[in-house]
Amino acid sequence: MTIREICDILKSELFNNNFEYGFILDGKKYKPNMKNGFDNEYYCLSKTIYLIQEPQLTIREKIGTCIDIVLVMKWMLTKLSIPSKIWLIYNKHKNKAHTILTFLAENKIIYLELTPQSSKEWYGQEIIYLSEQEFCQEYEKMGYDIFDVTDLIVIGQQPHFLLNKLN
């Protein structure tokens, strides 16, 4: 499959289907209220009660964190036999972290940001790297530490790989 075909498949599920940022636990949806800036209550809940969701739940309920969205992407790509990795990018100076996914297509590494309500200017646009090394170096130049967390994500558990960085 081409890069464009793969991105179109991912976008068809996640880009225009009104996904919301947040999580669901025991049937209750938790979403940040950003009307007055940073939502400290949601942030505390996401660090204490949030559990990584099954991709099917995220799709059905149309709500997820960056972790949940990249799991949906990985699940979709696995069904297409397309190799992918999940990365944690962490800026220790700002104590900010984000989980993203890359996949391999046409011998290139592709990053496609599809986290709901993302304010990133490249939201919904694929960024193409010639190698994984180039991808990592790009984030390191921007002041981020970058970690492959693909094997650290456990559905139904807290994201310890992320929480350990933020605490």
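First, some ground rules. This is a predicted model, where local features need pLDDT of at least 70, side-chain atom pairs count only at pLDDT 80 or more, and totals for chains, interfaces and linings use all residues. Residues are numbered from 1 along each chain as its sequence is written, and side-chain values use heavy atoms, with hydrogens and water left out.

**Exercise 1. Describe the aromatic pairs that Phe23 forms with Tyr30 and with Tyr42.**

Solution. 
- Step 1: Start with the criterion: rings of Phe, Tyr and Trp (its six-membered ring) pair if their centres lie within 6.5 Å, and planes under 30 degrees apart count as stacked, over 60 as edge-to-face and the rest as tilted. A search of the whole structure turns up nine aromatic pairs.
- Step 2: Phe23 and Tyr30 are stacked, with 4.9 Å centre to centre and 20° between the planes.
- Step 3: Phe23 and Tyr42 are tilted, at 5.8 Å and 45°. This pair links distant parts of the chain, 19 residues apart: Phe23 sits in strand E2 (residues 23-25) and Tyr42 in helix H2 (residues 40-48). Helices (H or I, at least four residues) and strands (E, at least two) are DSSP runs, numbered from the N terminus.
- Step 4: Check burial, meaning under 20% relative accessible area with a 1.4 Å probe, protein chains only. Phe23 and Tyr30 are buried, and Tyr42 is buried as well.

**Exercise 2. Which strand supplies the largest share of the lining of the largest cavity?**

Solution. 
- Step 1: On a 1 Å grid over the protein atoms alone, a cavity is a set of points where a 1.4 Å probe fits but cannot get out, and lining residues have an atom within 4 Å of a point.
- Step 2: The largest cavity has a volume of about 40 Å³, a volume being the space filled by probe spheres set on the points, which are joined across faces, edges and corners.
- Step 3: Its lining includes Met73, His98, Tyr111 and Glu113.
- Step 4: E6 supplies the largest share, four residues.

Methods. Buried < 20%, exposed > 50% of the residue type's maximum accessible area, 1.4 Å probe, protein only. 1 Å grid on protein atoms, 1.4 Å probe; cavity = no way out; pocket = protein on both sides within 12 Å on 5 of 7 lines; lining within 4 Å.
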